[in-house]
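Colleague: I would like to learn how to read a few features of a model. Can we take them one at a time?

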Amino acid sequence: MSGTPEEPGGKRTCGCGARTSRRGMLAGASMLGLNAALDAAFTPATAEPADERPKDGDHLVALDVANPVALEPKDIAGPQVIAWPMDPVARLVRDGSRLNKVLLVRLDPATLVGVTRERAADGVVAYSAICPHAGCEVSGWLEDQKILECPCHNSRYNPREGAAIIDGPSTRGLAALPLKIVDGKLVVAKPFTGRVGIAPA
């Protein structure tokens with residue numbers, strides 16, 4: 001007869017505790033693994049060099065070039081340019097994470113507002129190229145208004161005012177990347193001013 005076995009003295013026993021314990025251990029191990037993966041993803045100290053966010057002194061180079069060369073302000077023509085940061089000593093392009101994509105726009109310095117003017121270099125402003133709403137690349141440009149637009153859900157940003165939100169579903173502006181000019185080249189002056197990537201809900 002199948003059923004729950006009895007201990008001497010008539011008390012019933014089952015393997016429930018053992019099964020629950022094993023299940024709990026597996027769930028715990030799974031969560032530890034997930035936390036470790038998240039820590040690796042978000043902790044710069046454990047990141048691979050190519051994954052690390054732009055650092056002070058990094059040059060900016062064009063995407064998909066065999067021999068990356070540091071960009072100069074004059075190279076930022078047209079509506080916008082997407083670039084990678086590059087360690088100039090190791091000549092390591094930080095292209096291991098799409099969150100490192102930098103959006104460069106050259107504007108009339110007289111039109112830049114407040115702290116945006118301080119972060120610019122010869123009228124060039126730099127922002128994260130990744131929209132905080134759903135993680136799409138901000139590749140749209142509305143020439144008549146001179147504003148940035150994400151093509152996925154039409155969030156719009158004003159590059160003259162710190163890439164602040166103009167309209168759309170995004171809940172925050174694009175993180176800025178302060179720039180300076182060294183030997184005529186565009187160079188990162190400070191890390192991103194805020195979190196890059198999708199904004200937490």
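Modeller: We will go through the cysteines, a strand and a glycine. Keep in mind that this is a predicted model.

Colleague: Start with the cysteines. How many disulfides does the distance rule give?

Modeller: A pair of cysteine sulfur atoms counts as a disulfide within 2.5 Å. By that rule there is 1 disulfide here. Cys136 and Cys152 form it, with their sulfur atoms 2.1 Å apart.

Colleague: Which parts of the chain does the pair tie together?

Modeller: Cys136 sits in the loop between S5 and strand S6 (140-142). Cys152 sits in the loop between strand S7 (147-149) and strand S8 (156-158). The pair therefore ties together parts that are 16 residues apart in sequence.

Colleague: What is the handedness of the disulfide?

Modeller: Read the torsion about the S-S bond. For Cys136 and Cys152 it is about -100°, so the disulfide is left-handed.

Colleague: Is Cys136 buried or exposed? And what about Cys152?

Modeller: Buried means under 20% relative accessible area. Cys136 has 17% relative accessibility, so it counts as buried. Cys152 has a relative accessible area of 39% and is partly exposed.

Colleague: Now a strand. Where do the side chains point in general?

Modeller: In a regular strand they alternate between the two faces of the sheet. Next, look at burial along a strand. In S5 (residues 124-128), 5 of the 5 residues are buried, so the strand is largely enclosed by the rest of the structure.

Colleague: How many bridges join S4 to S5?

Modeller: Strand S4 (residues 102-106) is joined to S5 by 5 bridges, and the two run antiparallel.

Colleague: Last, the glycine. Where is Gly173 found?

Modeller: Gly173 is in the loop between strand S9 (164-167) and strand S10 (179-182). Its relative accessible area is 24%, so Gly173 is partly exposed.

Colleague: Which residues does Gly173 touch?

Modeller: Leave out residues up to four places away in sequence. Gly173 then touches Pro132, Tyr157, Ala163 and Ile165. Gly173 and Val196 are 23 residues apart in sequence, with 10.0 Å from C-alpha to C-alpha.

Methods:
Residues are numbered from 1 along each chain as its sequence is written. This is a predicted model: local features need pLDDT of at least 70, side-chain atom pairs count only at pLDDT 80 or more; totals for chains, interfaces and linings use all residues. Side-chain values use heavy atoms; hydrogens and water are left out. Buried means under 20% relative accessible area, exposed over 50%, partly exposed in between (1.4 Å probe, protein chains only). Helices (H or I, at least four residues) and strands (E, at least two) are DSSP runs, numbered from the N terminus. Two strands pair if DSSP finds at least two bridges between them. Contact means heavy atoms within 4.5 Å.
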